[in-house]
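Please open the structure in the viewer and keep the selection panel at hand.

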Amino acid sequence: MVYQAHPARYESMEYRRCGRSGLKLPAISLGLWHNFGDTTLLDNSRELLHRAFDSGITHLDLANNYGPPPGSAEENFGRILREDFLPYRDELIISSKAGYTMWGGPYGDWGSRKYLISSLDQSLKRMGLEYVDIFYHHRPDPETPLEETMRALDTVVRQGKALYVGISNYPAALAAQAIDILNDLGTPCLIHQPKYSMFERWVEDGLLDVLQEKGVGSIAFSPLAGGQLTDRYLSGIPADSRAASGSIFLNADQLTTAKLEKVRKLNAIAQRRGQKLSQMALAWVLRGDRVTSVLIGASKTSQIDDAVGMLANRHFTAAELAEIEEILV
Ligand SMILES: NC(=O)c1ccc[n+]([C@@H]2O[C@H](COP(=O)([O-])OP(=O)(O)OC[C@H]3O[C@@H](n4cnc5c(N)ncnc54)[C@H](OP(=O)(O)O)[C@@H]3O)[C@@H](O)[C@H]2O)c1
């Protein structure tokens, strides 16, 4: 059956201006890091994309290396895009990135002009796109001159292969330099993509100030700490969870007794607020309006529903924030 997007898809979502740009992003975006590679059933990936778009999630985030194997998330996404989403291409913000290891030899990693431009060409082929909406440098490269990497971002915009560019995982001072270089080149930096959650707060130590001052948006990745800031692990490790999947990014060792104790206390506050912990954790990242969008992952459509349900209760009292703070320290 031909996919038809839900007619009311824009009613449940909030769209927020990305820095001082003309682009608005949904308060919730979907990342395709997990659950879109060749180890996932294509039908599940398809359902996740349908549910996301039907809920007003217009921004889908990819990278060259998402899979496994690397590249397969872009390929599978490309297929679903071709089969279901072509009529909606202009309603979607699709991003990709290069910066982590993608192919062997000296040109498939880090931040050279050679790597970034050829990697984006490969991503476009895999997804069957003429351009991405946002192209990121995925992580800082300590060896390549920052000017070279930023010039490569400027080039892809001038070539029409990306509409906007961004940076990811750049610490505050380096982000400020990168943003200035891009401004000088005439291709403003649209967005920064840092890791940010109740359990990972480095962005509060200068980065959010830099972005606000320079008018650059931000999209917080892993806002649920990969699922730790949900009720998923409160009574053991479910067989279908990320922590049981052999992931190097989340495993049983990270789910310490001390951490689970914090999660339990946070869960109690969320229950008092009449929402799920996952919802409170997302609302917390969006508090204060300095983060443009939260970039979630999902293995089930119900997790997307949970995230969107958060929008109904985003407000925190000062007492609630203080109580959360006490748990997190
Ligand atoms: N720029 C970078 O360097 C970088 C790095 C990492 C990620 N990212 C981006 O950020 C995106 C999100 O990362 P992430 O997947 O780590 O984000 P996350 O939202 O912190 O974690 C998502 C996982 O949490 C669990 N979950 C989600 N909602 C839930 C709910 N309502 N109840 C219970 N469990 C729930 C699911 O795990 P289960 O599988 O256990 O169900 C889901 O896969 C990625 O796809 C990627 O686009 C970027």
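Begin with the strands E3 to E10: these eight close into a barrel in the order E3-E4-E5-E6-E7-E8-E9-E10, with parallel pairing. From one strand to the next, the twist averages 30°. The model on display is a predicted one.

Next, select strand E9, residues 217-221, together with E10. The two run parallel and are joined by three bridges. To locate one of these pairings, display Ile-219, whose bridge partner in E10 is Ser-293.

Strand E10 and helix H9 each supply at least two residues of the shell around the ligand. Which residues of this shell come nearest to the ligand? Of the 28 residues around the ligand, these are Gly-31, Trp-33, Phe-221, Gly-227 and Gly-297. Colouring the shell by residue class shows nine nonpolar, 15 polar and four charged residues.

Finally, turn to helix H1 (residues 42-54) and helix H2 (residues 72-85). Their axes come within 10 Å and cross at roughly 60°. The crossing of H1 past H2 is right-handed. To view the contact itself, display Leu-42, Ser-45, Arg-46 and Leu-49 in H1, which meet Asn-76, Ile-80 and Asp-84 in H2. By class, the residues of this contact comprise three nonpolar, two polar and two charged.

Conventions. Residues numbered from 1 in each chain as written. Predicted model: local features only at pLDDT ≥ 70, side-chain atom pairs only at ≥ 80, totals over all residues. Axes fitted to C-alpha atoms, helices over the stretch in contact; angles between N-to-C directions. Helix = DSSP H or I, 4+ residues; strand = E, 2+ residues; numbered from the N terminus. Left-handed = near helix turned anticlockwise from the far one by under 90°. Contact = placed C-beta atoms within 7 Å. Nonpolar A, V, L, I, M, F, W, Y, C, P; charged D, E, K, R; others polar. Near = placed C-beta within 6 Å. Pairing = 2+ DSSP bridges.
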